[in-house]
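Hi,

Here is the structure I promised to hand over. My notes follow below it.

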Amino acid sequence: MGDEFELVDPGEVQSPGDEWEEIDVSDTEADRIARKRDREFEQFEERIKDADQFKVEQSVFDDATLAALYKLVQDGHVEAFGGPLSTGKEANVYTALGPEGEVAVKIYRINASNFRQMREYLEGDPRFEGLGGNKKDVVLAWVKKEYANLRRAAAAGVRVPEPIAVERNVLVMEYIGDEDGRAKRLGEVHVENPRTAYEVLVEYMRRLYAAGLVHGDFSEYNVVFQDGQLVVIDLGQAVTVHHPNSREFLERDCRNVANFISRQGLEVTEADVLEVVTDVDPDPSGN
Ligand SMILES: Nc1ncnc2c1ncn2[C@@H]1O[C@H](COP(=O)(O)OP(=O)(O)O)[C@@H](O)[C@H]1O
Ligand SMILES: [Mg+2]
């Protein structure tokens with residue numbers, strides 16, 4: 001890979017103002033569809049269950065998940081489903097066809113999710129005050145948080161997949177990749193110029209921090225490389241600076257970056273990264 005990482009132009013940063021929007025975690029349309037089970041939905045369910053790309057992973061698709069996919073199709077965000085991109089611990093990611101081209105669909109498995117840990121990440125986040133302890137609600141809040149975090153990161157000038165829609169445990173976002181497949185993770189490519197990579201990574205962390213967000217799982221696994229750009233993904237666990245452990249998460253993120261960059265031959269320390277990233281006062285209010 002070349003040394004031509006482009007930073008997203010900070011001129012694209014939107015004016016702040018929608019900060020700490022309330023996130024509604026009440027019953028979803030998908031739950032209502034799943035309960036009603038009309039004929040059209042049942043036909044959709046049959047079709048999806050027979051689709052080759054999903055056959056091996058029936059367990060992902062309980063009725064309510066199918067209803068969420070059905071709703072996303074009805075709302076025009078998804079036109080056809082493609083194959084799997086990744087099978088993770090808590091979520092699977094698929095490609096799909098949207099009205100404007102390929103999209104990525106991340107489906108959380110409510111039962112496989114470590115909701116106790118998720119709950120810890122949601123605590124102290126002003127957007128989720130009053131969230132109950134019910135497993136489903138926690139996972140649904142998590143998915144909405146990932147969507148909100150992607151929006152906030154994009155508004156702060158960080159290159160992330162554009163969030164498109166969220167429905168229950170399903171998140172639809174911009175697909176990062178091309179005909180040859182998903183974009184490679186930073187850890188999967190040869191980094192020719194570690195200095196530029198370092199500068200872009202640190203600048204994105206700094207922009208997140210300035211917008212009041214700490215990624216919480218920032219590493220070469222959650223940054224992908226596409227068209228000369230580094231794209232930060234997987235923002236579900238990102239917390240606001242209000243979180244009681246946000247400093248600890250930030251230090252871990254800095255450590256991951258320092259270790260990765262040092263392995264590429266450019267000696268940097270956690271303290272170096274931390275210093276640049278926290279050189280701004282976080283303004284979570286967005287003003
Ligand atoms: N928007 C996307 N476009 C292309 N590939 C993606 C996208 N989102 C995720 N992926 C792929 O799926 C993998 C898992 O997604 P991620 O959000 O990191 O979930 P997990 O929580 O399982 O790590 C990523 O490493 C990446 O390869
Ligand atoms: Mg990941």
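Which strands each supply at least two residues of the shell around ligand 1? They are β1 (80-87), β2 (91-98), β3 (101-108) and β5 (170-174). Helices (H or I, at least four residues) and strands (E, at least two) are DSSP runs, numbered from the N terminus.

Before the rest, some housekeeping. This is a predicted model: local features need pLDDT of at least 70, side-chain atom pairs count only at pLDDT 80 or more, and totals for chains, interfaces and linings use all residues. Residues are numbered from 1 along each chain as its sequence is written, while chains are lettered from A and ligands numbered from 1 in the order in which they are written.

The ligand shell

There are 20 residues around ligand 1. S86, G88, A104, P161 and D234 come nearest. A residue is near a molecule or strand if its C-beta atom, placed from the backbone, lies within 6 Å of it. By type, the shell has ten nonpolar, four polar and six charged residues. Here Ala, Val, Leu, Ile, Met, Phe, Trp, Tyr, Cys and Pro count as nonpolar, Asp, Glu, Lys and Arg as charged, and the others, Gly among them, as polar. Domain 1 (29-178) and domain 2 (184-277) each give the shell at least three residues. Those bounds come from an automatic or database domain assignment.

The five-stranded sheet

This sheet is open, with antiparallel pairing and the order β1-β2-β3-β5-β4. Two strands pair if DSSP finds at least two bridges between them. β1 and β4 (163-167) are the edge strands, each pairing on one side only. On average, neighbouring strands are turned by 25° against each other, direction ignored. β3 and β5 run antiparallel and are joined by five bridges. In β5, V170 stands opposite I107. Helix α6 (residues 135-155) lies across β3, β4 and β5, and runs at about 165° to β4. Axes are lines fitted to C-alpha atoms, for helices over the stretch in contact, and angles run from 0 to 180 degrees between N-to-C directions. Contact between two residues means C-beta atoms, placed from the backbone, within 7 Å.

The three-stranded sheet

A second open sheet has the order β8-β10-β11, again antiparallel. Its edge strands are β8 (184-185) and β11 (229-232). Two bridges link β8 to β10 (residues 223-226). K184 has F225 as its bridge partner in β10. Four bridges pair β10 with β11, and Q226 stands opposite Q229 in β11. β10 and β11 form a hairpin with two residues between them. In that turn, D227 has a positive phi of about 50°.

A helix pair

The axes of α2 (residues 39-50) and α4 (residues 63-74) come within 10 Å and cross at roughly 105°. That makes the two helices roughly perpendicular (65 to 115 degrees; under 35 is roughly parallel, over 145 roughly antiparallel, the rest oblique). F41, F44, E45 and I48 of α2 meet L66, A67, L69 and Y70 of α4. The contact residues divide into seven nonpolar, no polar and one charged.

Best wishes
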